[in-house]
Amino acid sequence: MRIDKERIQEKNQKDLKPHQEKFDFLSNYLLKDGHDVVEIINKLSKFQVAIPSWALGAGGTRFGRFSFQGEPSTLEQKIDDVGILHALTQTAGAISLHIPWDVPKDYEAIKQLATSHNIVFDAVNSNTFQDQKNAKESYRFGSLSNREKAIREQAVQHNIDVIDIGNKLGSKSLTVWLADGSNFPGQNNFQNALQNTQDSLKDIYRALPEDWKLFIEYKPYEPNFYSTVIQDWGTSFMLANECGDRAYTLVDLGHHLPNTNIEQIVATLMMKGKLGGFHFNDSKYGDDDITVGSIKPYALFLIFNELVYGMNNNPQNPYPAWMIDASHNIKDPLEDLIQSLEAIQESYAKALLIDQDQLRLAQMENDVVRCQEILQNAYRTDVRPLLQEARRKSGGALSPLNTYRSLKVRENLIQARGKNSVASGL
């Protein structure tokens, strides 16, 4: 299914007058406060977030999965779904594939389909946390960290194969997330596991094309509950440094213990030039992978404050690769992603309103109250008219979620794919 621009414009026309009134009011207020509204809208329009292929179907838990009707059962259908999101929001201009769940059969046809939706291929993601069909070795006790050389070599080769697939599609980065770890004390030798992982990552890094990046993800627990080999940002940072200049840490919002100061991690990594990728989601208790901004919107805003500062002041850090990594089993996946995209853009817009010069001055004067007021004044501003104007100017919907529902997108997908279609890889 594709959404015609004319249908989006028809819906926009009905909502244009109230939008214009709200936008004019906010724009005048911001202009008087010294903000360049045109520049903010341009930045919002350029901010693109990759959609992971695995988030287009309903997610699940350790206990079960409740499939959502009309799920994309092929890679082509997944790209079409991202095309729907991008048509509505104009902020989902990339897709991130998970291998071997999404191996193309016809690379040229897949690239042409993505191009027709104005979508590019973001980082490709390897999978050594599951045993694959017909694989000679098992990852039950680890992959890149495994004690057995043959298992490590199989895992390394899989990552090299993923690089080859991504290279054919025009991707420029590989994301490695390891489930490797242990469930009980004494099960693993921590130093040997880390050394094996470091050596394996170096082998993968050597196979990277010269214009590629390697993103090393971390996670404190799950599926192993005693230890994880790459358990925190420091371990990822160390491994990235060992690999080389084109290896970076990837920060996933959910991959932290409760109350971790993620914004400080972001600031440190950007200062060191090692923040390569960023995965958006939200959580209440742990790695919940729920809709971005649904639980801790102020924390997301504070993180964006550091991201914006870093992008403006840390030229040694590459422009980060943005991706949503959320998955839940009770929402329409596309509606969930629309909500996440909106929350990301909202936090970004609010961070752009922070007067960094005034904040720096207040910091130098140790005016703690003024520092808090500067941040909270930006956070309390209703920036949604800016988001709507950015989408409107790019050809998107003023209200993506309302337009999605009014056009009965899910109903059309069910009619085309059936009620029992299940997303591949899940």
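Where does A390 sit in this structure? The place of A390 is helix α13, which spans residues 384-394. The model is a predicted one. This briefing starts with that helix residue, then turns to the nonpolar core and to some backbone features.

**A390 and its surroundings**

- A390 counts as buried, because its relative accessibility is 4% and the cut-off for buried is under 20%.
- Setting aside neighbours within four places in sequence, A390 is in contact with I41, L44 and S45.
- A390 and H35 are 355 residues apart along the chain. Their C-alpha atoms are separated by 16 Å.

**The largest nonpolar core**

- The largest nonpolar core has 108 residues.
- L174, F280 and L386 have the most contacts inside this core.
- Helix α10, residues 333-352, gives the most to the core, with ten residues.
- In soluble globular proteins, nonpolar side chains tend to be buried together.

- The contacts of F280 given here leave out residues up to four places away in sequence.
- F280 touches V49, L253, V292 and L300, among others.
- Its partners also include F304, W322, M323 and I324.
- D325, A326 and I344 are touched by F280 as well.

**Cis peptide bonds**

- The peptide bond from I99 to P100 is cis, with omega near 20°.
- P100 lies in a loop. That loop runs between β2 (94-96) and α4 (107-116).
- E222 and P223 are also joined by a cis peptide bond, and its omega is about 10°.
- P223 is found in the loop between β7 (213-217) and β8 (227-228).

- D289 is not a glycine, yet it has a positive phi of about 55°.
- The loop that holds D289 lies between β10 (275-280) and α9 (297-313).
- D289 is buried, because its relative accessible area of 17% falls under 20%.
- K408 is not a glycine either, and its phi is positive at about 55°.
- K408 lies in the loop between α14 (400-406) and α15 (409-417).
- Is K408 buried or partly exposed? K408 is partly exposed, because its relative accessible area is 47%, between the 20% and 50% cut-offs.

Technical notes:
Residues are numbered from 1 along each chain as its sequence is written. This is a predicted model: local features need pLDDT of at least 70, side-chain atom pairs count only at pLDDT 80 or more; totals for chains, interfaces and linings use all residues. Side-chain values use heavy atoms; hydrogens and water are left out. A nonpolar core is a set of buried Ala, Val, Leu, Ile, Met, Phe, Trp, Tyr and Cys residues joined through side-chain atoms within 4.5 Å. Buried means under 20% relative accessible area, exposed over 50%, partly exposed in between (1.4 Å probe, protein chains only). Helices (H or I, at least four residues) and strands (E, at least two) are DSSP runs, numbered from the N terminus. Contact means heavy atoms within 4.5 Å.
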